[in-house]
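Colleague: I have a model open and would like to go through it with you. Could we take it piece by piece?

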Amino acid sequence: MTEQATLPASDHIDIDIDIADAKRRIKAIFIGSIGNLVEWYDFYAYTAFALYFAPAFFPGNDPVVQQLNVAVVFAATFLMRPLGGWLFGYIADHFGRRISLTLSVVFMCFGSLIIALTPTYATIGFAAPVILALARVIEGLSLGGEYGASATYLSEVADPKHRGFYSSFQYVTLIGGQLTAIIVLLLLQKVFLTPEELRAWGWRIPFAIGAALAIFAAVMRRNLHETEAFEEARKVVKPTGSITNLLRYPRELLLVVGLTAGGTAAFYTFTTYMQTFVKLSVGLTEDQTTFVIFGTLIFATILQPIYGAISDKIGRKPLLIFFGVAGTLATVPLLMTLKETKSPFMAFILICCAWLFVAGYTSINAVVKAELFPTNVRALGVGLPYAITVSIFGGTAPAIALYFKSIGHEEWFYYYLAGVICLSLIIYSTMRDTKHASAMHRHE
């Protein structure tokens, strides 16, 4: 008779608990990430369809001027992000991550719905771009709160050994939102509508879709469980989420600003502005532009969890320094080469090369910031200084680039971007590695 090896009952229980815990974490990350994707889809639909709706809101015949006006409204959106970072950060730290995430996606629903229903300049005159700007301000308020609450939630529900990997899905879904917007654009371009129909009224469809998806995401987020870290912190200290309490961590606040400046400028250059750049500067057709940007965003999405997993092995700091060094040295020659190429394939390759170093920031920036702050001020500490910095360096990147182009010195922007990345490199090289010196366990 052969003996069969059996596990003790306690081991079976431990395995069951581990599996159940893993399923619970994955479900929470999935729901949180889906909501993030919907928010960013709504936000990026503006950029994806800008070439079609710009004439409806901004009269004139010069496409560069029209796109500059669109970019200015895009930049103005970011003025509300610090307020959103404070408001939703306060809610997340005081009342819980779940309610903050739910409210932020509701705000995004209203912004998208307004854009979908706004009459054109030909119908109501100057009121049209004003209403457009108002809708984008509401969306900016929503996104200002989304980042801090989402980064905090994903970092807190992940297990410590895989925190970099799981939190990288914030940018997977962030980029996924833009990919979804482009998929909708391709379907409308190639299957359902003619270019004339898209310019006349078809550009409203993606915003109506976004509003509907936001309602769906809000319902899903209502069922999220609260993080253990927040529940434990409430037992230790009274939740405040106040700026006064946050100011006890001035070094961490300045680190978030320094961490973000170069990364956000690079991110918005190679996502938001790149669609305009390859159309107006490289000279690709609308179809070529759409497919090139779509392909590079898929490549960027794949890189996020890979780099996040690498950071769990070697730490966060090496990836940040890699981004800083490569971004400082490669940005100018890469953009100069991209401008001179006329091949869609070469444009795709060059933008993918940029993503090889930009992903060193995007994949882990959320977890690095979350690891800087204790639980009771984490969402506010991540969201507020990030939103301020993005407003200064991220949201303005397309407008600055188009301004330099409009005065005949487009290459000045290349040096500007490399310089901002270099400033962040100084911060990366002097900061501690948050993987090895994390504040995730602190509830002070």
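Colleague: To begin, which residue forms a salt bridge with E410?
Modeller: E410 pairs with K405, and their closest N and O atoms are 3.9 Å apart. A salt bridge here is a side-chain nitrogen of Lys or Arg within 4 Å of a carboxyl oxygen of Asp or Glu. Please note that this is a predicted model, in which local features need pLDDT of at least 70 and side-chain atom pairs count only at pLDDT 80 or more, while totals for chains, interfaces and linings use all residues. Residues are numbered from 1 along each chain as its sequence is written, and side-chain values use heavy atoms, with hydrogens and water left out.

Colleague: Are E410 and K405 buried or exposed, or something in between?
Modeller: E410 is buried, with a relative accessible area of 4%, whereas K405 is partly exposed at 22%. Buried means under 20% relative accessible area, exposed means over 50%, and partly exposed lies in between, using a 1.4 Å probe and protein chains only.

Colleague: How many salt bridges does the count come to?
Modeller: The rule gives nine salt bridges. Among them, R136 and E139 meet at 2.7 Å, N to O.

Colleague: Where do R136 and E139 sit relative to each other?
Modeller: Both belong to helix α7 (residues 127–157), three residues apart, which means that about one helical turn separates them. Helices are DSSP runs of H or I with at least four residues, strands are runs of E with at least two, and both are numbered from the N terminus. An α-helix has 3.6 residues a turn, so residues three or four places apart point the same way. R136 has a relative accessible area of 0% and is buried; E139 is buried as well, also at 0%.

Colleague: And what joins R163 to E371?
Modeller: A salt bridge does, with the closest N and O atoms 3.8 Å apart. R163 is in helix α8 (residues 163–167) and E371 is in the loop between α18 (365–370) and α19 (378–394), so the pair ties together parts that are 208 residues apart in sequence. R163 is buried at 10% relative accessible area, and E371 is buried at 0%.

Colleague: Which residues are linked in a network of salt bridges?
Modeller: The network links D93, R97, E156 and R378. R378 is found in helix α19 and is buried, its relative accessible area being 0%. The side chains of R378 and E156 are also joined by a polar contact of 2.7 Å. A polar contact is a pair of N or O atoms within 3.5 Å; within protein, one must be able to donate a hydrogen and the other to accept it, and residues adjacent in sequence count only if both atoms are side-chain atoms.

Colleague: Back to α7. Where does it bend?
Modeller: α7 bends by about 25° at E146. The bend at a residue is the angle between axes fitted to the seven residues ending there and the seven starting there. The helix is mostly covered, as 24 of its 31 residues are buried.

Colleague: What about α14: by how much does it bend, and where?
Modeller: α14 bends by about 60° at Y273. Helix α14 covers residues 250–280, and its end C-alpha atoms are 42 Å apart, in agreement with the 45 Å that its 31 residues should span. The expected span is 1.5 Å times one less than the number of residues. Of those 31 residues, 25 are buried, so α14 is largely enclosed by the rest of the structure.

Colleague: Which residues does T269 touch?
Modeller: Leaving aside residues up to four places away in sequence, T269 touches M274, A397, F413 and L417, where contact means heavy atoms within 4.5 Å. T269 lies in α14 and is buried at 1% relative accessibility. A polar atom of the T269 side chain lies 2.7 Å from the backbone oxygen of A265. The C-alpha atoms of T269 and G395 are separated by 9.5 Å, although the two residues are 126 apart along the chain.

Colleague: Finally, how many helices and strands does the secondary structure come to?
Modeller: There are 21 helices and zero strands. Of the 444 residues in the protein, 58% are buried. Among contacts with a separation of 6 or more, 86% are between residues 24 or more positions apart.
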